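Hi,

Here is the structure I promised to pass on. Have a look at it first, and then read my notes below.

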Amino acid sequence: MEGSEMVLMSLESLNLLDSAMRLPVIIRRLSEEKVSAIAVVGDVPPDAIPIADKYQTPLLSIPPGTRLQRVEKAIISLIVDQRAELERRGVQIYRQLAQLEIEDKGLRAILGALAQITGKTVALQNERFDLEIYTGGENLVPDKDMAQASLRDNDEEVRRWLRGSPLMSTSPPITRVKLPLEGMARFVAPVVIRGAVAGYISVIGKEGELNEIDQVATGRGASVCAIEMAKQRAIIEAENRMRGDFVEEL
């Protein structure tokens with residue numbers, strides 16, 4: 001087992017396999033393997049519930065006679081549908097942010113919209129981890145200098161993570177890291193331009209409130225910001241070429 005599995009078991013089958021194996025012992029062993037939940041077909045003995053509570057493992061009672069194969073198929077179907085819904089939501093977020101980029105609203109407007117979509121704080125750091133834009137953070141860290149210090153606290157951790165991650169502007173890698181502020185964390189994704197990191201987008205919130213939608217939104221936000229920042233760089237390069245040509249003519 002790798003951890004985070006949901007275990008489905010039948011007490012009747014368990015008794016046939018080993019009559020001496022009791023459910024509290026199984027719950028303890030599975031909890032030590034970091035399973036996410038245990039679902040049991042049959043009447044759960046009262047002494048099993050305190051063990052599940054001790055390890056904070058959800059214990060589900062399934063009516064006797066239920067076929068575990070059907071339960072398994074239903075769970076897998078739910079997981080697949082949830083992933084499809086996340087993908088649909090990601091497309092919606094990307095379109096909403098990309099529309100602002102098309103309308104030439106700029107990075108601040110894009111990040112402000114991302115903060116509204118997630119209901120979280122959003123930060124943009126440059127490639128040196130200097131904080132450039134910080135929005136939606138009044139309810140969490142009202143002081144920008146404090147926000148800069150807390151984000152810089154784990155920049156080495158982010159650098160180490162990126163060394164083994166493929167850099168793609170359309171599908172940037174995303175990771176979750178804790179902040180030094182109590183109970184705070186962030187999703188962070190690099191803004192990738194021409195295969196190099198041009199900055200970092202972070203969606204910041206309380207640890208228990210950050211969810212999969214926030215993770216998806218972080219990646220989509222980084223992709224749109226990559227387009228906007230690449231456009232800004234192209235404009236600057238064109239202006240520099242024009243100045244160079246003008247100086248040559250003089």
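Let me start with one residue on the inside. Leaving out residues up to four places away in sequence, valine 191 touches Ala196, Val197, Ala198, Gly199, Tyr200, Ile201, Ala222, Cys225, Ala226 and Met229. Please keep in mind that this is a predicted model.

Val191 also belongs to the largest nonpolar core, a set of 29 residues. Val191 is listed among those with the most contacts inside that core, together with Leu97, Leu111, Leu114, Ile201 and Cys225. Two or more residues of this core come from each of α4 (68–102), α5 (107–118), β4 (121–126), β7 (184–193), β8 (196–206) and α8 (212–249). Helix α5 gives the most, with seven residues. A second core is separate and has 13 residues, including Leu14, Ile26, Ile38 and Val40. As general background, nonpolar side chains in soluble globular proteins tend to be buried together.

Now to the surface. A nonpolar patch there is formed by Phe246, Val247 and Leu250, with about 370 Å² of accessible area together. Val247 is in helix α8 and has a relative accessible area of 57%, so Val247 counts as exposed, the cut-off being over 50%.

Tyr55 sits in helix α3 (residues 48–55) and is partly exposed, with a relative accessible area of 28%. Apart from neighbours within four places in sequence, Tyr55 is in contact with Arg28, Ser31 and Glu32. From Tyr55 to isoleucine 27, the C-alpha to C-alpha distance is 8.7 Å, while the two are 28 residues apart in sequence.

Finally, the backbone. Most residues other than glycine have a negative phi. Which residues have a positive phi here without being glycine? Two that I can point you to are aspartate 104, with a phi of about 60 degrees, and phenylalanine 129, whose phi is near 70 degrees. Asp104 is found in the loop between α4 and α5, and Phe129 lies in the loop between β4 and β5 (131–135). Is each of them buried or exposed? Asp104 is exposed, at 54% relative accessible area, whereas Phe129 is buried, at 0% relative accessibility.

I hope these notes are handy when you open the model.

Best wishes

Methods:
Residues are numbered from 1 along each chain as its sequence is written. This is a predicted model: local features need pLDDT of at least 70, side-chain atom pairs count only at pLDDT 80 or more; totals for chains, interfaces and linings use all residues. Side-chain values use heavy atoms; hydrogens and water are left out. A nonpolar core is a set of buried Ala, Val, Leu, Ile, Met, Phe, Trp, Tyr and Cys residues joined through side-chain atoms within 4.5 Å. Buried means under 20% relative accessible area, exposed over 50%, partly exposed in between (1.4 Å probe, protein chains only). Helices (H or I, at least four residues) and strands (E, at least two) are DSSP runs, numbered from the N terminus. Contact means heavy atoms within 4.5 Å. Patches are made of residues with over 30% relative accessible area and no salt bridge: like charges are joined within 9 Å, nonpolar side chains (Val, Leu, Ile, Met, Phe, Trp, Tyr) within 5 Å. Accessible areas come from the Shrake-Rupley method with a 1.4 Å probe; for residues, only the protein chains shown count as cover. A salt bridge is a side-chain nitrogen of Lys or Arg within 4 Å of a carboxyl oxygen of Asp or Glu.
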